[in-house]
Amino acid sequence: VLFRSDIEIPVFRDIKTRDLDKLLIKVRDFWTDLVITNYADQLSVTHATFGRYVTSLADLGLEAWSLLFGTRYADKAGASERLGELLATMDLGEEHLVQITYFGAENDFVFPWNILYPRIKGSAKVDPLLFWGARYQIEQVTDGPKRDGLTGVPIDVVFALDPGFGNSASQTELFNGYRAAAGQRLSVTDPISDQATLFKELDRNPSAHMVYFYCHGYASTRPGVLRPDGAQSLKKRIEALKSDSPEREALETFFNLTAKMGDESWIYIGGSEIKESKLKQEEFFNTRRPIVFLNMCQSADLLPSMSSGLVRVFLDHNASAVVGTESPMTPLFANAFAKLVLDDLFAGGDIGSALWKSRRYFLKDMQNPLGLAYTLYGRAVARLGVGPIIAAANPTSTTAGTNRQISK
């Protein structure tokens, strides 16, 4: 772990795969429960409901903390526990960058860094801004080049869209607005909904600066809420949503596609079901190392000791940074969160700070923790161009008109 540019800390811990698997299942089941219940058709909830959710999430964060740093006490405490105590009490200031570096056989290690919650003696009330994903920018990197070639204009964006995914029209309008505001400094493809066009755009030379997906996706790597014995329960929860809502339609489509696709990860963009095995075989990302934003269901859903998954495919093809989700995601939140992140990116921010600001906005102002379910792999410092191509936006405008009645 590297707290750039202040402290570098090598961490040696023997974490059993089965223990980490159990934790990841609980974390992703927690996110899924939020997505298909209170946050299914609204961006915010009451203070009481939000309090219950962040308390449950903090319990998972403390469990992750214990797994990472240990739970030995008094004379039994060792270096890992002392390190945990140090990190819990260190005041690094807001927005500090934490770099987690993996080497060799550890490249496939996956941990829920965003929800890590410090064990602070005597602290009873949960502070949402103490979750690591809200407290720090977190980048997870491996050995490799640091240059990404993302300077220069116009900024080129490949935009892949499933027209049947909720709020897809809003996403098209969003990119049209960016293009109009940036003028000749931004080039965005028409929405791509077929495999042939997508592969052609991925293979362009030089590569695009960013590849953005707004669609259904699935990484079939683990049990959890979507395991066979949990499918019926999930179906009942989805059926409890309003029958004509885009949220229910999106989750029903995701549920049906998941049952159909079996044990292989895939991306669904309306006209094509793109399997991971096919994506792996394609050659793409020449010259530039783009930012890839997988704004889809479970696109970052990986298990330790695995060399597969959508995130892994894009990293192996030389992406500089990949953002994905840890669970099914409601299109209402996916649309609003993406706008906040993209606003900051096009205004000159890097991907790490854009995610950090967006998570904190939803936690502080909207009582919504779902931004912590978006995970960054690769370089947090990756940015589009060398300066802003649009003016910075007011965050409150992101959710204006999209929030719905707040219920329990």
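Modeller: Glu201 is buried, at a relative accessible area of 19%; buried means under 20% relative accessible area, exposed over 50% and partly exposed in between, with a 1.4 Å probe and protein chains only. This is a predicted model, in which local features need pLDDT of at least 70 and side-chain atom pairs count only at pLDDT 80 or more, while totals for chains, interfaces and linings use all residues. Residues are numbered from 1 along each chain as its sequence is written, and side-chain values use heavy atoms, with hydrogens and water left out.

The side chain of Glu201 meets that of Arg204 in a salt bridge, 2.4 Å from N to O. A salt bridge here is a side-chain nitrogen of Lys or Arg within 4 Å of a carboxyl oxygen of Asp or Glu. The structure holds ten of them. Arg204 has another such partner, Asp156, with the closest N and O atoms 3.9 Å apart. That pair links distant parts of the chain, 48 residues apart: Arg204 lies in the loop between α6 (195-202) and β7 (210-214), and Asp156 in strand β5 (residues 155-161). Helices (H or I, at least four residues) and strands (E, at least two) are DSSP runs, numbered from the N terminus. Arg204 counts as partly exposed because its relative accessibility is 22%, whereas Asp156, at 15%, is buried.

Asp156 also forms a salt bridge with Arg288, at 3.9 Å from N to O. Here the two residues are 132 apart, Arg288 being in the loop between α9 (276-281) and β11. Both Asp156 and Arg288 are buried. Through shared partners, the salt bridges join Asp156, Glu201, Arg204 and Arg288 into one network.

Two strands pair if DSSP finds at least two bridges between them. Ile291 has Ala321 of β12 as its bridge partner. Strands of a sheet pair through backbone hydrogen bonds, either parallel or antiparallel.

Strand β12 (residues 321-325) is mostly covered, with five of its five residues buried. Ala321, Val323 and Thr325 point one way, Val322 and Gly324 the other. In a regular strand the side chains alternate between the two faces of the sheet.

Ser320 sits in the loop between α10 (310-316) and β12. Its relative accessible area is 2%, so Ser320 is buried. Leaving aside residues up to four places away in sequence, Ser320 touches Asp148, Leu150, Arg289, Pro290, Ile291, Gly378, Arg379 and Ala382, where contact means heavy atoms within 4.5 Å. The Ser320 side chain also reaches the backbone oxygen of Arg289 at 2.8 Å.

A further sheet can be described briefly. Three strands form an open, antiparallel sheet in the order β8-β9-β10. Its edge strands, β8 (216-218) and β10 (273-275), each pair on one side only. Strand β8 is joined to β9 (residues 266-268) by three bridges, and Gly217 stands opposite Ile267.

How values were computed:
A polar contact is a pair of N or O atoms within 3.5 Å; within protein, one must be able to donate a hydrogen and the other to accept it, and residues adjacent in sequence count only if both atoms are side-chain atoms.
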